[in-house]
Structure formats: structure tokens, C-alpha cells
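Trainee: I would like to go through this model and ask what stands behind each label.
Mentor: Go ahead, one label at a time.

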Amino acid sequence: MVAVNRVFAAQLAGLPVFGPDGESIGKVRDLVVGLRVDRQPPRVLGLVLELATRRRIFVPMLRVTSIEPNAVTLATGSVNLRQFHQRTNEVLVVGELLDARVALASGATAVLVDAAMEPSRTRDWRMTRVAVRERTGRLARRGPVQVLRWEELTGLSVTELAGQPQGAAHLVAVFEAMRAADVALALHSLPAKRRYEVAEALDDERLADVMEEMAEEDQKDLLAHLDDERAADVLEAMNPDDAADLLAELPEREKDRLLELMEPAESAPVRRLLEYSYDTAGGLMTPEPVVLAPDATVAEALAHVRNPDLTPALASMVFVCRPPTATPTGRYLGCVHIQRLLREPPSDLVAGVLDTDLTTLSPAASLGDVTRYFATYNLVCGPVVDETDHLLGAVTVDDVLDHLLPDNWRETGLTHA
């Protein structure tokens with residue numbers, strides 16, 4: 001028996017989903033409704049769940065036995081793990097209905113900010129209520145939210161949704177609590193029109209984080225949609241190695257145009273990375289690892305690796321070099337593993353705890369060489385040093401995996417045995 005009678009989509013999105021025995025299955029990411037040709041409330045067909053493997057699957061509403069304020073429970077039975085694919089006349093409530101412009105019975109225009117479903121006597125769920133905010137003018141204060149019956153609105157047919165320009169403020173708000181990789185997957189599942197609207201609403205930093213997690217084709221498509229100035233700004237906000245990977249896939253003229261629009265300080269490391277083949281250590285590396293001078297203390301090193309913007313792999317190792325410490329650095333002296341830093345007195349110098357025996361990677365090392373290097377030394381990060389002992393950057397295990405996995409791994413997720 002379902003525990004509540006009215007459920008709003010924005011509150012449902014993100015809730016954990018459990019099986020009948022309490023086993024964790026995934027999280028709710030969206031609701032799927034089948035829109036009607038008349039103005040009657042559409043039937044809610046099911047939920048889009050995201051598994052721990054990031055695969056998105058469809059679960060029919062008849063499988064839902066309980067919807068609580070903090071969790072959803074499914075009935076006994078196997079879950080179909082096939083990738084979710086949206087069909088004609090199906091609409092994603094969170095992904096496509098939020099921020100839609102609708103017409104009220106009074107003739108006024110409003111923006112849909114949420115939608116609620118209710119169960120019927122036949123155990124079907126219907127999208128019976130919508131929360132809207134009336135549009136009173138671009139510069140006017142926002143009006144109050146009204147909860148109306150579905151039948152009281154117009155503008156929610158499939159053709160009307162496809163044809164109208166649509167904001168993305170409320171959808172972006174739903175995305176705020178999600179990891180960039182999960183937002184990238186959500187955008188991949190949306191129609192191109194809606195994907196572009198969300199991209200335009202995201203700030204440069206957030207869009208850069210999301211694009212770094214996208215498949216190559218989605219990256220190029222989104223970059224092509226942005227005007228050149230915005231595209232250059234987003235590329236500047238991306239990690240240099242990710243920006244270089246993306247630019248390397250563009251036609252030469254387009255690549256050069258975007259590099260010229262980028263700030264010289266931001267484009268310089270990207271240009272250096274573009275000199276290397278994508279499947280070498282030079283092409284895989286990031287030019288922004290943690291680099292310190294030999295007179296830095298252990299406390300300073302630990303402070304640097306606490307930076308929340310660092311990936312766990314980059315934070316696992318500190319590289320010590322003669323000035324300058326920006327890549328390409330002065331003479332490379334060695335590295336310090338984070339486990340060693342944690343065992344040493346904070347006032348000691350990093351120069352006294354260096355690992356000088358660890359083999360370094362040449363920028364020309366092949367992907368196979370890099371893979372064997374990580375396996376041999378049980379590392380998640382390794383230094384890339386040129387023939388004159390200058391540190392050029394560091395390769396991390398996530399960059400290696402990204403090149404070893406199939407091209408479409410971001411969309412397909414992982415399959416269960």
C-alpha cells in the first residue's frame with residue numbers, strides 16, 4: 001500500500017529506492033508520463049532509477065509498493081536492468097516539464113515549477129496537479145506559487161513543449177545536489193533542445209565540470225551550440241587536459257579560433273598538451289599537479305592536498321622541484337606520497353622525505369607503458385618528466401581508465417554479472 005496520496009516530482013527526485021528486503025537499488029532521477037491529446041491528467045508510467053553503476057533503468061509504477069518522505073520501496077521480483085530509452089509521447093517530468101511555460105484559464109502566462117501525482121482507484125498514478133508561478137513581467141517581483149489542476153492549464157502537449165523556448169532555473173536547482181557525472185548522464189538522456197537550455201542556464205564553472213564528464217560526441221555537440229566567447233570561457237574553466245582532449249577532436253580552424261579567444265595564461269598549458277598524441281603520457285597528463293619547492297614543510301604539503309578541487313588521485317602525491325614550481329618546472333627532485341606525509345612531523349621539510357627512487361614517465365610513453373607503470377608500482381598518480389629533468393605534469397589513473405574503456409562507457413554504465 002502506498003503511504004502518501006500526493007507526491008511532487010521535485011521532492012521525489014533523488015530519493016533512495018529499496019527492494020522488499022531492504023536492499024538498496026538506486027535513486028529516483030525522474031518520472032515518466034504519457035501525455036494525452038486532450039487536457040486530462042496524464043498517466044504516470046513509471047520511475048527512472050539510477051543504479052550505483054550510473055545505469056538508468058525504467059521501473060513501472062505497478063512495481064512501487066510504498067512512497068515515503070525519505071524512500072521508495074519496490075515489490076518483490078527482478079528488476080529489468082536494460083538501459084532506459086524514452087519513447088514517443090513520453091515526457092520526463094523533471095527533465096522536460098519543469099520551467100515549461102503554460103497558459104492559465106485567465107489567459108495569463110505562468111511557469112511550471114513542479115508537478116504532483118496521485119494514485120487512482122485502479123492503482124494507476126495520474127499527474128493531477130501542477131505548481132505554477134505566474135509571469136508578471138521580466139522585471140517584476142516573482143508571484144506566489146499556485147497549485148492547480150492539470151486540466152486548468154494549456155501548453156503541455158508534446159508538440160507545444162517541443163516548440164516553445166523554456167527556462168531551466170528549476171531543473172538546474174534539482175541538479176545542484178547531484179555530482180557532475182550524474183548531471184552529465186541526465187543531460188545525455190534529454191532532448192537536444194532541453195540540453196541546450198540547461199547548458200545556457202549553468203554558470204561557466206559548473207558547465208565545465210559537467211562537460212568533463214560527458215562523452216566526446218556530447219561535448220562537441222554542446223560546445224558547437226555555445227557562442228564562441230562562451231565556449232572559450234567554458235574551456236578556460238575546464239581542466240587543461242580535458243580541454244585539450246576536446247579541442248583535439250575539433251577541426252583545425254575551429255580549434256585555433258577557440259584557443260585565440262582564450263586568455264593566454266589559460267590557453268598556454270592547453271597548447272602544450274596538444275603537442276602530444278592523446279595516447280601518450282604527455283597527452284594523458286594534467287599540467288597542474290601539486291608541486292612544491294624543497295624548502296616547503298610537511299604541513300604546507302598537507303594543506304595543499306586538502307584542496308577540495310583536487311581529485312583523490314592528484315591528492316595522493318606531492319612533487320618536489322626546484323623553482324619555478326609551475327610546469328614545466330625547474331629540476332625535478334622527487335615525490336612524496338600522502339601516506340608518508342601523514343607519518344612525518346608537520347615542521348619537517350618535504351626535501352627530507354622524498355622518494356627519489358620512483359621511476360618517472362617520459363611524455364612519449366605509450367598508453368600501454370603507462371598502464372604497466374601503474375600496475376607495477378601500485379600507483380594512482382605518476383610524474384611525467386622530460387629528458388632534461390623538468391616536471392611536465394602528472395598522469396592519474398582516472399585518465400588512463402578513460403582511454404582504456406569503450407568510447408560509449410559513460411552512456412551504457414556497467415552491467416551486472
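Trainee: Which residue in S15 does Cys321 stand opposite?
Mentor: Cys321 stands opposite Tyr332 in S15. Keep in mind that this is a predicted model, in which local features need pLDDT of at least 70, side-chain atom pairs count only at pLDDT 80 or more, and totals for chains, interfaces and linings use all residues. Residues are numbered from 1 along each chain as its sequence is written, and side-chain values use heavy atoms, with hydrogens and water left out.

Trainee: How many residues of strand S15 are buried?
Mentor: Five of the six residues in S15 (332-337) are buried. Buried means under 20% relative accessible area, exposed means over 50%, and partly exposed lies in between (1.4 Å probe, protein chains only).

Trainee: Why is Glu197 called buried?
Mentor: Its relative accessibility is 10%, so Glu197 counts as buried. Glu197 sits in helix H6 (residues 192-201).

Trainee: What joins the side chains of Glu197 and Lys193?
Mentor: A polar contact of 3.0 Å joins them. The term covers a pair of N or O atoms within 3.5 Å; within protein, one must be able to donate a hydrogen and the other to accept it, and residues adjacent in sequence count only if both atoms are side-chain atoms.

Trainee: What makes Arg29 and Asp182 a salt bridge?
Mentor: The N to O distance between their side chains is 3.7 Å. A salt bridge is a side-chain nitrogen of Lys or Arg within 4 Å of a carboxyl oxygen of Asp or Glu, so the pair qualifies. Arg29 in strand S3 (residues 24-34) and Asp182 in helix H5 are 153 residues apart, so the pair links distant parts of the chain. Both residues are buried. They also belong to a network of salt bridges with Glu50, Arg54 and Arg56.

Trainee: How covered is helix H5?
Mentor: Helix H5 (residues 180-188) is mostly covered, with eight of its nine residues buried. Asp182 is one of the buried residues, and Val183 and Leu185 are also among them.

Trainee: Why does the pair of Asp124 and Arg43 tie together separate parts?
Mentor: Their side chains meet in a salt bridge of 3.3 Å, N to O. Asp124 lies in the loop between strand S10 (109-119) and strand S11 (125-134), and Arg43 in strand S4 (residues 43-50), so the parts tied together are 81 residues apart in sequence. Asp124, at 19% relative accessibility, counts as buried, whereas Arg43, at 33%, counts as partly exposed.

Trainee: Why is Leu405 called partly exposed?
Mentor: Leu405 has a relative accessible area of 35%, so the label is partly exposed. Leu405 is found in the loop between helix H17 (397-404) and helix H18 (409-412).

Trainee: Which element has the lowest mean pLDDT?
Mentor: H18 has the lowest, at 60, and strand S13 (residues 291-292) the highest, at 98. pLDDT is the predictor's confidence in each residue, from 0 to 100. Where pLDDT is low, the predicted coordinates should not be read in detail. The chain has a mean pLDDT of 89, and 93% of its residues reach 70 or more.

Notes:
Helix = DSSP H or I, 4+ residues; strand = E, 2+ residues; numbered from the N terminus. Pairing = 2+ DSSP bridges.
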